[in-house]
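I opened my notebook to look up a few things in one protein model.

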Amino acid sequence: MKTMHMLMMPMVLTGGLSTAALADDGSLSPGKLESLLNDASTYGFTHYDEVAIDDGNRLEVEGWRDDGWQLDIDMLIEDGSLVHEKRHKDTIPDWSLTSDELHQALSNAQESGMQRFSELDVDERGHVDIEGYDAQNSEIDIRLERNDLTVTGVEHD
């Protein structure tokens, strides 16, 4: 009986380590991302062009307030507290995503197989790129058309 317990220990430890590694792989669950984006909205974000995990423990959010101030903040993933803020007066570009559009893009990415989030980037050419991980913990890249947020490509790495 002791032999059986000893043989099972590596399996138990390996399972625990892989769960810990998944939690610290530089990605977020949809619920945790939603919570952090709600925290970001309290800083005044109304338009977004980038949301990304930075250094594994911070969420970087870049975008604009409705009064035209461009914001770049870093928040601790653990509790949403602000650790860095930079801002300057600018004009909100047409290609940025509103809060509703951001949430719709993330929802469309989930429907396309994304289980965990790592990065979203919007560019002036009308593309939204979202990176993360699928159910098999493989990297997944999803491209959406900016105008209607339809998925135009899904790539598994």
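My entries follow, from the overall layout to single residues.

**Ground rules**

I am working with a predicted model, where local features need pLDDT of at least 70, side-chain atom pairs count only at pLDDT 80 or more, and totals for chains, interfaces and linings use all residues. I number residues from 1 along each chain as its sequence is written, and side-chain values use heavy atoms, with hydrogens and water left out.

**Entry 1: the layout**

I looked up the secondary structure and found three helices and nine strands. Helices (H or I, at least four residues) and strands (E, at least two) are DSSP runs, numbered from the N terminus. Along the sequence I read the pattern α-α-β-β-β-β-β-α-β-β-β-β.

How much of the protein is buried? I noted 36% of its 157 residues. Buried means under 20% relative accessible area, exposed means over 50%, and partly exposed is in between, with a 1.4 Å probe and protein chains only.

Next I checked contacts, meaning heavy atoms within 4.5 Å. Of the contacts between residues at least 6 apart in sequence, 40% join residues at least 24 apart.

**Entry 2: two helices side by side**

Two packed helices are described by the angle between their axes and the distance between the axes. I looked up helix H2 (residues 30-41) and helix H3 (residues 99-111): their angle is about 175° and their axes are 12 Å apart. That makes H2 roughly antiparallel to H3. Here, axes are lines fitted to C-alpha atoms, for helices over the stretch in contact, and angles run from 0 to 180 degrees between N-to-C directions. Under 35 degrees counts as roughly parallel, over 145 as roughly antiparallel, 65 to 115 as roughly perpendicular, and the rest as oblique.

Which residues meet? From H2 I listed Pro30, Leu33, Glu34 and Leu37, and from H3 Leu102, His103, Leu106 and Gln110. I sorted the residues of this contact into five nonpolar, two polar and one charged. The sorting takes Ala, Val, Leu, Ile, Met, Phe, Trp, Tyr, Cys and Pro as nonpolar, Asp, Glu, Lys and Arg as charged, and the others, Gly among them, as polar.

**Entry 3: aromatic rings**

Rings of Phe, Tyr and Trp (its six-membered ring) pair if their centres lie within 6.5 Å; planes under 30 degrees apart count as stacked, over 60 as edge-to-face and the rest as tilted. I counted two aromatic pairs by this rule. One is Phe45 with Tyr48, stacked at 5.4 Å centre to centre with 15° between the planes. Both Phe45 and Tyr48 are buried.

Trp64 and Trp95 also pair, edge-to-face, at 6.1 Å centre to centre and 85° between the planes. Trp64 lies in strand E2 (residues 58-65) and Trp95 in the loop between E4 and E5, so this pair ties together parts 31 residues apart in sequence. Trp64 is buried, with a relative accessible area of 3%.

**Entry 4: Ser96**

I found Ser96 in the loop between strand E4 (82-89) and strand E5 (97-98). Is Ser96 buried or exposed? At 1% relative accessibility, Ser96 counts as buried. Leaving aside neighbours within four places in sequence, Ser96 is in contact with His47, Tyr48, Trp64, Glu101 and Arg146. I also noted that a polar atom of its side chain lies 2.9 Å from the backbone oxygen of Pro93.

Gly26 sits in the loop between helix H1 (2-23) and H2.

Ser118 is buried, with a relative accessible area of 14%. Beyond four places away in sequence, Ser118 touches Gly26, Val51, Ala52, Ile53, Glu131 and Gly132.

- Asn137 is in the loop between strand E7 (127-133) and strand E8 (139-145). Its phi is near 65°, a positive value in a residue other than glycine. Asn137 is partly exposed, with a relative accessible area of 39%.
- Leu149 lies in the loop between E8 and strand E9 (151-156). Its phi is near 60°, again positive in a residue other than glycine. At 5% relative accessibility, Leu149 counts as buried.
- Glu78 lies in the loop between strand E3 (69-76) and E4. At 71% relative accessibility, Glu78 counts as exposed.

Technical notes: Polar contact = N/O pair within 3.5 Å; in protein donor to acceptor, adjacent residues only side chain to side chain.
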